[in-house]
Structure formats: C-alpha cells, structure tokens
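User: I would like a close look at one part of this model. Please put it in the context of the whole chain, and give the cut-offs as you go.

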Amino acid sequence: GGGARLSPNFEMEAVGAISELAQSLRGCELRRITRSDFETTVRKHLSGSHADQQIAQLWDKVSRSVTARWLIITKAKGLSCAGLCGGRGTIGQGELCSFLLREMQQRESTARAHLTLPLPHLPTFSSMPNTKDTVCAVLGLSTPPQYLTVSKDGSICTWSTRFHLQQSVSIGGGHGSVRGRQGHGMCITSCVMIGGTLVLATTGRDLLFYDTVSLSCLHKFQKLPFVPLCLTYGVEDEKYATSPGHLVWGDESGCVGILSFAEPHKSFFRSRLVTFNGVTDQAPLVRIRYEKAHSDWVCQVGWTGPAHYVISAAQSSSPSLLIQHVSAHRKKYIFKIRMGVSCFDYSHRLEVVATGSLDHIVRLWTPFSPHQPVASLSSHTTGIVGVAIDERSTMSYVHITLLQFLCVWDIREHHLLQTVSVKFPFTQRQPDFGPSPLLTLPLPSPTLNISCNEYMARFTLNEAAGLEGEKVDTGHTHPVCAVFFIPHFDQLVSGCEGGEVRVWDISSRRTCMKVEGCHRDQELTALAVDTEGGRILTGSRFGAIKVWDSLTGQNLQSLETPGATEVVSILHHPEMRRFLATGWNRQISVFEDKKLQLSPEPAWAGGTPHCDDIITMDYCSPYYLATGSFDGLTVVWNTDTERIVAQFRSQLKRRDQILTSATLKSPTSQHPPSATNSLSTSSRPASRRLSSYRLKSASRSHLHHVPVDKLLFLKTRVKSKARGQSTLVTSEGGHAFFWDMFSSGPPLGHSK
C-alpha cells in the first residue's frame with residue numbers, strides 16, 4: 001500500500017500493544033473492535049507520543065492483512081467477497097492473532113536475510129613440502145608464536161602465524177620416515193604438544209618425546225600392547241606451569257591409557273628408554289592406568305579441563321562415547337549411538353559435546369547427561385569426519401566437515417548458517433582427512449583450518465557473524481534470590497533483588513519474558529510459580545505480594561500480608577488450591593485460589609509459635625509444611641488441620657552480638673512507618689541477607705540458638721512415613737542436621 005513507511009521502533013511497540021489487545025479478547029470470539037477502539041487501545045499501550053497518522057496507517061495495515069486473507073479463502077471456496085471483516089470496519093480476536101503470527105514470521109525471515117556469514121571469504125591453501133602424505137595435526141607454539149604441522153611419514157614443518165613456511169625437516173633415519181628397530185618405515189598416527197616437547201604416536205607401538213628446538217629424541221616409551229591411534233594432553237590446573245599433567249592415548253584394541261606425570265615441567269621419565277611393563281619403576285615421577293574402554297578401535301580422545309575427565313570415542317554402538325575421570329573412582333558416563341562416533345569436540349565454557357557419526361548426524365550433548373542429545377543436526381548426505389566448536393565467536397558456531405563439504409551451524413539456535421564446498425587442489429586422489437582435520441587457530445585472527453592429504457585450507461572466521469545487532473543476554477544485574485523450573489513449558493523463572501523477574505527458554509538460553517520493577521523501588525524477596533506454570537508470585541520487602549502472567553508479564557493481582565513486613569517465602573498448595581506466604585511477621589498467611597483470583601483467608605489456626613522472624617519454609621505433598629525461624633526453631637505443620645506435628649530446636653548456639661556493620665546491607669530507615677514499631681524487638685538486621693554465623697567460645701548464658709537458614713523435606717521418605725529415618729534436613733550455621741519428623745528425639749545425624 002501507499003503512504004509513509006512506519007518506523008521500526010513504532011512497529012515493535014505496536015506489535016506488543018496488539019498482542020495485549022488480542023489477549024483482552026480471549027474467549028470472546030463474538031466480540032469485535034472498531035477502528036476508533038483500536039486506535040484508543042494502541043495509543044494507551046504505547047510509550048511516548050506517536051502521530052495519529054502512524055496509528056491510522058497501522059490500522060490500515062492490519063485491516064488490509066485481514067481482508068487479503070479472507071479474499072483468498074472466499075475465492076478458493078467460490079463464495080461472495082462482499083461484507084468482509086475489513087469492509088465492515090471491525091476485527092476479531094482470531095484475526096488479530098493471525099496478523100501477529102504472520103508479522104512475527106516475516107520479521108524472522110527478514111532477520112535471517114540480513115544474517116552475516118561466518119565464513120565470508122574463500123579459503124587459502126598451503127601444502128606440506130617434499131611429501132604427499134596426510135597431515136596428522138596442526139599444533140601451536142607459544143615462543144615465538146608459530147604453528148607446527150606433522151605428517152604421517154615424519155615430516156615436520158614450522159609456519160609463521162600467516163602460514164609462511166619457515167622450516168621443513170624429517171625426523172628419524174632415512175628418507176622422510178620414522179625408522180623402526182629393523183629399519184622398516186613406520187607411520188605417525190597422532191601427535192600432541194606438552195610445553196616445548198612434541199609427543200608422537202607411531203605404528204611401531206611407541207610414544208616418542210621430541211624436543212621442538214633440537215628435534216632430538218628425549219624419551220621413547222615403547223612396547224605398548226597395541227598401536228596407539230590418538231593422543232591428547234591435559235593439565236590439572238592451567239594457571240600454574242608446574243601443575244601435574246596427564247597424557248592420554250587410545251589404541252586399536254579399544255583400550256585407553258593414561259600416563260600421569262608429577263613434574264612434567266622437569267622431566268617425564270628417569271631414563272631415555274622406558275617400556276610399557278617397566279613404567280611402574282618410574283614411580284612416583286609417573287603413574288600409568290590402562291584399561292578396556294570400547295569394543296572397537298578408539299578414533300579420538302579428549303580432555304575436559306578443570307573437571308579432570310577423559311573423553312574417548314569409537315565407532316561402536318556401546319559405548320560410542322565414554323567420559324571417565326582420571327582417578328577411575330568416579331562414575332563413568334556412557335553414550336550409545338547405533339553407528340558409533342567418528343569425531344567429537346568439547347567446549348568447557350559452553351558445557352556441550354558435539355559428536356559426528358557415519359549416520360550423517362551431528363549430535364549436541366550435555367557432557368554428563370548421556371540419555372538424550374540436546375539437538376540432532378541432520379541436513380547431511382555423507383558421514384561426518386570432523387567437528388569443531390568455536391568458543392570465540394559471539395554466536396558460538398559448530399563447524400562440521402562432510403568429506404569435502406563444510407557446514408556451519410549456530411550451536412544455540414541449531415540453525416544451519418552456511419554450507420561451503422572446499423575444493424582442494426588434488427583431483428584424482430582419494431581425500432584423507434587424518435585424525436584431526438578441523439582446528440580453530442587464534443593468530444593472527446580467528447581462523448578455521450582444514451587438513452586433507454598434504455594440503456591445508458584456512459578460512460577467516462567472521463567474529464561478528466550472526467544476527468546483526470544481537471546482544472548476548474547476560475541475565476540479572478543484581479543477586480538472584482530464587483529460581484523455579486516450569487516443566488510444562490521447559491522454562492526457568494528467576495528473580496533478583498533488584499525487582500526484576502525473567503522467564504528463560506532453556507533450549508535457546510534466552511529471555512522470553514521480563515518484568516522490571518515488580519515492586520517499584522522495593523527489593524524483591526520471594527518468588528513462587530504455580531504448578532501449571534501460568535502464574536508467577538513475587539513478594540517484597542514491605543509485605544506486598546503480586547501475581548503475574550508468566551506469558552505476557554501482565555500484573556494480574558496485588559495483595560498484602562499482615563504487618564507490612566518482609567515476605568521471605570511463598571508456596572503453592574495445589575491439593576487445597578491455595579498459596580501460603582510467610583516472613584518477618586512470624587505468621588503464615590493463606591490465600592485461597594478461586595478462578596485464578598487469590599483471596600485472603602482467616603488467620604492460621606495454629607497461631608504463631610515462632611518468637612522471631614520466619615526465614616525459610618518448605619512444603620511436602622499432601623499436607624506437611626515446615627517453617628524455620630531466626631531463633632533456631634523448626635515447626636512441622638499439618639496443613640489440613642493447621643496444627644503442629646513436631647518441633648525441633650537448633651543444636652548450635654552463637655553469641656548475642658555477631659552482626660557487624662559490614663553485614664547490614666540496607667539502613668533501617670527503609671522500613672515504612674507502619675512497620676517501625678510492630679517488630680521493634682526483632683533481632684534481624686535491616687536486610688534480607690543473613691550473615692555467616694561464627695560460633696565463638698562464651699559462657700552458655702550469653703549464647704542463643706543459631707538461625708535455621710534453610711530446610712528441606714526428603715519427600716520420598718515422608719510419603720512412605722518411614723520411621724527411624726531422616727525425613728527433614730535443616731541448615732544451621734553451616735551445619736546440616738537430619739531429623740525424623742515422626743519422632744520428637746534428637747537429630748539422627750549432622751554434617752558440617
């Protein structure tokens with residue numbers, strides 16, 4: 001249509017206003033709105049002053065969209081086009097929803113059209129001189145900054161950061177090969193750098209340790225049971241150069257071996273020649289662990305970083321991927337894939353494992369959850385031979401090779417961003433990608449390197465790749481006070497002390513709804529979600545409770561608790577259709593849930609046994625409630641009768657004065673006048689944060705019970721009503737106490 005184009009900012013605000021308008025018409029299919037009602041509603045919901053001309057143009061846009069849709073339907077059915085909704089000048093709720101859906105789809109497609117490609121330029125090629133054998137790996141040297149390439153026949157080349165050839169040598173005797181004891185040539189299967197030492201795995205069942213400066217052999221670890229096929233190395237603490245390290249290899253029999261070096265910065269072994277059976281004589285300088293891990297040959301091994309776990313992969317159905325701790329005393333995580341795993345990559349920062357398989361599928365996993373992949377990327381026609389995760393990119397792309405094709409994915413959105421056909425210079429030979437075909441290089445700029453036969457292709461990575469103008473969602477700016485999971489929508493709800501509530505989509509890790517200033521300038525102190533996930537309840541520092549729509553963020557209701565004091569906990573009691581709230585007023589407030597509206601009920605029948613502020617509460621279906629207070633008292637209630645079931649007193653005591661001025665986060669003047677005198681005897685500081693309670697030696701007359709910081713029902717045991725077992729856990733001054741709520745005796749045990 002004609003007329004001036006609507007500004008993008010105006011359209012974004014207007015779409016939100018129309019969304020609220022559609023919500024107001026929910027369940028009223030017969031109700032329709034006129035143009036004047038539309039303009040009035042949109043103007044009321046928009047922030048700032050907008051020209052009436054733009055609002056009129058927006059009505060024309062909506063009505064034309066609705067009219068065009070009905071024209072298509074009526075013509076397809078052979079009906080008359082007279083009396084359409086746009087002609088009548090009214091629009092219904094279904095028509096508004098259809099317009100919103102088409103508008104959002106159009107915005108998404110437009111955003112995708114302006115996507116910045118992660119690989120904007122053609123690759124540059126380099127080749128290993130004097131050899132036609134496959135490149136095993138590309139390794140980085142720190143002093144001076146340069147790269148090292150190793151081929152299967154023993155050819156080693158050093159390159160500048162811009163991949164200009166600097167030096168080319170061959171290790172071992174003979175023409176370009178590593179020689180065995182009888183002079184027969186042996187291939188290098190894998191290599192890894194340990195500081196300034198190059199470790200090579202060969203088909204002669206050896207691990208060779210070479211100095212990268214003199215290229216002299218420092219150690220030879222020989223007579224391994226089987227041929228080592230892949231290597232990796234990890235240190236226990238990357239902050240310290242003297243940290244112990246672990247050299248991991250996988251062999252052709254499916255076994256994984258680990259050499260743990262106590263002082264790798266000094267020496268690996270005491271002697272130059274060390275056999276597999278004689279390595280135990282090198283203790284405590286080095287320890288070895290060697291065991292069966294897979295039923296097929298190990299194609300790749302990896303290191304998880306600070307967690308000290310080893311990852312190994314094989315093209316067998318079980319286990320296809322194995323994650324195990326170097327100590328062998330912790331649980332192993334077994335991943336099963338029908339056609340096995342041909343390659344993988346692990347990102348500690350993103351906490352994700354990407355696996356490639358011959359079934360043409362790349363799978364994304366949570367490292368320690370082997371039952372179901374997070375996503376399966378399957379737009380391929382051949383087997384996957386290499387996977388790499390680029391952590392430096394804003395969007396964190398996954399790079400995958402399929403023979404001579406390179407696919408780039410958005411690891412968070414699981415969208416295919418780009419497909420590139422890599423044309424290596426050779427034409428007649430079969431491509432051989434080697435054990436580590438993909439590598440991201442940091443210098444001089446982020447680069448993706450692909451090795452195939454004796455050639456290397458380098459792509460410059462676009463660090464700004466992704467949706468233009470997209471910002472990383474960093475979350476709350478104030479401390480988070482509560483988090484809840486909504487299983488129906490696979491979402492998380494979080495609230496911070498600054499009064500902000502966010503609803504997060506777990507799959508995309510992005511905010512899908514946000515409410516700022518829930519209680520204006522008051523601190524948010526409590527958060528709850530109903531069992532269906534449709535409503536969010538927030539509590540404030542001065543006793544206010546508000547109900548919010550988890551989808552739209554609309555404030556549905558505002559309530560007050562007696563005493564206008566801090567609300568510390570809100571719980572949903574679904575069996576009796578009510579919500580329970582408590583806090584510094586030392587009472588339990590009950591709100592009946594009738595037709596999605598909360599109404600206050602009479603005072604709690606059990607009274608107020610707590611003599612100090614209640615600071616924690618927990619509920620266990622079908623009718624058990626526990627409250628813990630600042631004076632160390634824990635009370636277990638029956639919510640049906642509102643009577644006390646059991647009481648426990650804190651087992652630890654503290655001095656009367658332990659709170660210093662450093663622990664007071666807010667001035668006492670923040671209390672409203674109505675609450676100044678109501679709790680003048682409270683021992684709580686003017687802050688919802690509790691200090692750490694240090695136990696000091698003093699006479700018993702000056703000691704008071706330590707507050708109950710947190711309590712938790714062991715729900716399975718409570719439902720079975722098991723006696724003589726711990727059913728309730730309390731946290732008191734850094735100690736956990738285990739209680740049997742069905743008896744009045746002392747705690748069954750405690751842990752510090």
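Predicted model: local features only at pLDDT ≥ 70, side-chain atom pairs only at ≥ 80, totals over all residues.

Analyst: Residues are numbered from 1 along each chain as its sequence is written, and side-chain values use heavy atoms, with hydrogens and water left out.

A contact here means heavy atoms within 4.5 Å. The chain holds six helices and 55 strands. Both are DSSP runs numbered from the N terminus: helices are H or I with at least four residues, strands E with at least two. Of its 752 residues, 50% count as buried. Buried is under 20% relative accessible area, exposed is over 50%, and partly exposed lies in between (1.4 Å probe, protein chains only). The accessible surface is about 35800 Å², with 52% of that area on carbon and sulfur atoms. Areas follow Shrake-Rupley with a 1.4 Å probe, and for residues only the protein chains shown count as cover.

Now to β32. Six of its six residues are buried. Thr447, Asn449 and Ser451 point one way. Leu448, Ile450 and Cys452 point the other way.

Strand β31 (residues 438–441) pairs with β32 in the antiparallel sense over four bridges. Pairing requires at least two DSSP bridges between two strands. In this pair, Leu439 has Asn449 as its bridge partner. Strand β33 (residues 455–460) also runs antiparallel to β32, and six bridges join the two. Here Leu448 stands opposite Phe459. The hairpin of β32 and β33 has two residues between the strands, and Asn453 takes a positive phi near 55°.

Positive phi turns up elsewhere too. Arg205 has phi near 65° and is not a glycine. Arg205 sits in the loop between β11 and β12 and is partly exposed, at 34% relative accessible area. Ala564 has a positive phi of about 50°, in the loop between β41 (555–560) and β42 (567–573).

Next, the buried nonpolar groups. In soluble globular proteins, nonpolar side chains tend to be buried together. A nonpolar core is a set of buried Ala, Val, Leu, Ile, Met, Phe, Trp, Tyr and Cys residues joined through side-chain atoms within 4.5 Å. The largest one has 20 residues, and Leu207, Phe209 and Phe261 are among those with the most contacts inside it. Strands β12 (207–211) and β16 (255–261) are among those that each supply at least two of its residues. Phe261 touches Phe209, Leu247 and Phe269, among others, not counting residues up to four places away in sequence. A second, separate core of 17 residues includes Val636, Phe648, Leu728 and Phe737.

Last, the surface. Val480, Val483, Phe485, Leu492 and Ile506 make a nonpolar patch of about 400 Å². Patches take residues with over 30% relative accessible area and no salt bridge; like charges are joined within 9 Å, nonpolar side chains (Val, Leu, Ile, Met, Phe, Trp, Tyr) within 5 Å. A salt bridge is a side-chain nitrogen of Lys or Arg within 4 Å of a carboxyl oxygen of Asp or Glu. Strand β34 (residues 480–486) gives the most to the patch, with three residues.
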